[in-house]
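Please keep the sequence and the structure in view while reading.

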Amino acid sequence: MPKKGWKSLTLREETMNKLQKMWQTDLSRPRSQTFTSYVEDFLTSLVEREDRLRKYGFFMRFEGAGESHVTIFDNTKRKSVTVRIDSKGKALYCLEDDSSTCIHVGFCYAIDQVLKTLIAKGFKLPKESS
Ligand SMILES: [Zn+2]
């Protein structure tokens with residue numbers, strides 16, 4: 001029985017194993033943090049992110065992605081914008097702004113499907129130096 005104010009949730013074993021691996025290998029979490037608390041924080045941040053996307057996502061909308069480009073609809077410009085994925089998957093480049101650091105590129109990095117494409121092409125984020 002979960003303690004007062006909590007409810008339990010059943011997950012597939014595979015999902016649970018992935019979460020446990022995240023918890024075990026996450027060097028940024030407090031060492032004393034329990035697995036339950038870790039997952040609770042993780043899910044809370046996902047829910048908050050989803051809320052923000054629903055609230056503010058209207059500025060931009062993901063339209064689609066191919067091997068070499070991402071199309072975003074920019075509601076402030078009222079047009080579709082193409083962001084190019086370079087052939088080696090090392091960078092994103094916005095054709096609208098001639099930039100690799102504009103808001104469209106930033107938006108692209110937050111799209112799961114785009115990130116998966118980049119990772120599949122061998123893209124690696126620079127490691128944080130600590
Ligand atoms: Zn742009």
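Which residue in strand 3 is the bridge partner of H69? The bridge partner of H69 in strand 3 is R84. The model discussed here is predicted. The protein has four helices and four strands, and along the sequence these follow the pattern α-α-β-β-β-β-α-α. With a radius of gyration of 18 Å, well over the 14 Å that the globule rule gives for 130 residues, the protein is more spread out than a compact globule.

**Overall dimensions and packing**

- Taken along the principal axes, the box filled by the C-alpha atoms of the protein is roughly 55 × 30 × 30 Å.
- Of the 130 residues in the protein, 11% are buried.
- Among contacts between residues at least 6 apart in sequence, 25% join residues at least 24 apart.

- The four strands form an open sheet in the order 1-2-3-4, with antiparallel pairing.
- Strand 1 and strand 4 are at the edges of the sheet; each has a single partner strand, so one side of each is left without a neighbour in the sheet.
- From one strand to the next, the twist averages 30 degrees.
- Strand 1 (residues 60–65) pairs with strand 2 in the antiparallel sense over five bridges, and M60 stands opposite D74 in strand 2.
- Strand 2 and strand 3 run antiparallel and are joined by six bridges.
- Strand 3 and strand 4 also run antiparallel, joined by three bridges; here I85 stands opposite L92 in strand 4.

**Hairpins and loops**

- Strand 1 and strand 2 form a hairpin with three residues between them.
- The hairpin of strand 2 and strand 3 has four residues between its strands.
- R78 lies in the loop between strand 2 and strand 3, and its phi is near 55 degrees, a positive value in a residue other than glycine.
- R78 counts as exposed because it has 7 C-beta neighbours inside 10 Å, the limit for an exposed residue being 12 or fewer.
- D98 lies in the loop between strand 4 and helix 3; its phi, near 50 degrees, is likewise positive in a residue other than glycine.
- D98 has 8 C-beta neighbours inside 10 Å and therefore counts as exposed.

**The nonpolar core**

- In soluble globular proteins, nonpolar side chains tend to be buried together.
- The largest nonpolar core in this model has 13 residues, and those with the most contacts inside it are V70, I72, V83, L92, V105 and C108.
- At least two residues of this core come from each of strand 2 (69–74), strand 3 (79–85), strand 4 (92–94), helix 3 (103–109) and helix 4 (112–120).
- Not counting residues up to four places away in sequence, V105 touches V83, L92, C94, S99 and S100.

**The helices**

- Helix 4 lies across strand 1, strand 2 and strand 3, and runs at about 45 degrees to strand 1.
- Helix 1 (residues 13–25) has 13 residues, which at 1.5 Å a residue should span 18 Å; the end C-alpha atoms are 18 Å apart, which agrees.
- How many of the 13 residues of helix 1 are buried? The count is zero, and helix 1 is thus hardly covered.

How values were computed
Residues numbered from 1 in each chain as written. Predicted model: local features only at pLDDT ≥ 70, side-chain atom pairs only at ≥ 80, totals over all residues. Expected span 1.5 Å × (residues − 1). Buried ≥ 20, exposed ≤ 12 C-beta atoms within 10 Å, placed from the backbone. Core = buried A, V, L, I, M, F, W, Y, C linked by C-beta atoms within 7 Å. Contact = placed C-beta atoms within 7 Å. Pairing = 2+ DSSP bridges. Rg over C-alpha atoms; globule rule 2.2 N^0.38 Å. Axes fitted to C-alpha atoms, helices over the stretch in contact; angles between N-to-C directions.
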